[in-house]
Amino acid sequence: MKLWTGRFSKEIDPKTNDFNSSIQFDSRMYKEDITGSMAHAAMLGAQGINSKEDTDAILAGLQGILEDLESGALAIDPNAEDIHTFVEQTLTERIGSAGKRLHTSRSRNDQVALDDRLTLRNECDALIPQLKELIAVLAKQAADHAEDIMPSYTHLQRAQPIVFGHHLLAYAEMFLRDIGRLEDARKRMNVSPLGSGALAGTTYDIDREMTAKELGFDGPCHNSLDGVSDRDFCIEFAAALSLIMVHLSRFAEEVCLWCSWEFKFIELDDAFSTGSSIMPQKKNPDIAELVRGKSGRVFGDLMGLLTVMKGLPLAYNKDMQEDKEAVFDAFDTVKMCLTAFIPMIDTMTVLPENMRKAAAGGFINATDCADYLVGRGLPFRDAYKCTGELVALCIEKGTTLEDLPLEEYRQVCDLFEEGVYDAISLERCVSQRTCIGAPAPENVRKEAARVAALVAE
């Protein structure tokens, strides 16, 4: 039976009912719905709107429904219109007419807005520990590989020497920002819409501060229209999830590159790789590829939410039912990706010799060669030009800056001395970069410790 049947003279068309129903996706909010209803019922009793007898029966009935749902003794009826209808009708079946008093001074509009906020708040709380776990893994790997030299890249061309730990900590910084975004989003969603009614509040003497406090909110919303029609918190949460997927996808792309034979900087554990049905030599980074691919799914969820909300007049419109499938899918996808990604990074084998070999080619110490000339008094632009000529000469002769004879250096610029070879050694190139945020091994170890401490708090 629908909660709104009094106005209508006939049953809704079955196909229309299926189209209108949300039980298949909002049933996951059963705990939040019951928790919110218990707070509302307790407030109605405290305010004398419902009798103590009815209040006690409602609270006991709701607690029994929650326990039975969690134990499996009660199954959610897939034919119910939504989770709110299912809970209220089940309550009335169990405790009689007292159950019909639960909805006093409340609309499904403020009820669903409440359930959304409670659910997404819990989902924020579930994701943050996962991100911290990933950051802790990155910090450990960074500390373990604080001295393993590798080439860094711009435009996917070898650029300058760094250490692998420094590269990993760049992703740790991204995921730290993701935690901050989730925490910020949680603050803004932590406002109670309960008591907004359909859109204009209620004439009953309710205590909105009581229900907000009982449910762990910072307070009630200050505008009833906004209370039932605001879905900014869904969009903001989806935006934070989208940025997490941007970072995971970028990392996944590098994992795919690093474990290819062309790079071979890492090898993934067999538990996080797959093979080919026809090529027996293959070891494919399918987990990383799937994470990279699923980013588009989360971005689509965000775009869907933005599109749903962009043209809606105040206050509630049925379009807003579309918020749940999108934001739930985005959350489920990110959680699943993190669950697979964390152990993949934790168990990967790093191959420092291959990284060092790649760093030795590509003239990635050219900037340090130019800096050597700057240190001997030459303006940087002139030093840059001289070094470029030396690189061209090395390419012509099929050699490297390390192996180019000193007389060849001096033909380009007479400021070169034997010390240039020490200046352009990869180890020195890295170890001398000690400013804040640079990749010197001592910096990397300190940063790894700092990051690990941040997520351990």
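## The contact between D178 and H247

In this predicted model, the side chain of D178 makes a polar contact with the side chain of H247 at 2.8 Å; such a contact is a pair of N or O atoms within 3.5 Å, where, within protein, one must be able to donate a hydrogen and the other to accept it, and residues adjacent in sequence count only if both atoms are side-chain atoms. The two residues lie 69 positions apart in sequence, with 9.0 Å from C-alpha to C-alpha.

D178 belongs to helix 7, helices being DSSP runs of H or I with at least four residues, and strands runs of E with at least two, numbered from the N terminus. D178 counts as buried because its relative accessibility is 1%; buried means under 20% relative accessible area, exposed over 50%, and partly exposed in between (1.4 Å probe, protein chains only). Beyond its neighbours within four places in sequence, D178 is in contact (heavy atoms within 4.5 Å) with L131, L243, I244 and H247.

## The chain as a whole

The chain contains 19 helices and four strands. Of its 457 residues, 49% count as buried. Among contacts between residues at least 6 apart in sequence, 75% join residues at least 24 apart. The C-alpha trace spans about 100 × 55 × 40 Å along its principal axes.

## Basis of the values

Residues are numbered from 1 along each chain as its sequence is written, and side-chain values use heavy atoms, without hydrogens and water. The model is predicted: local features need pLDDT of at least 70, side-chain atom pairs count only at pLDDT 80 or more, and totals for chains, interfaces and linings use all residues.
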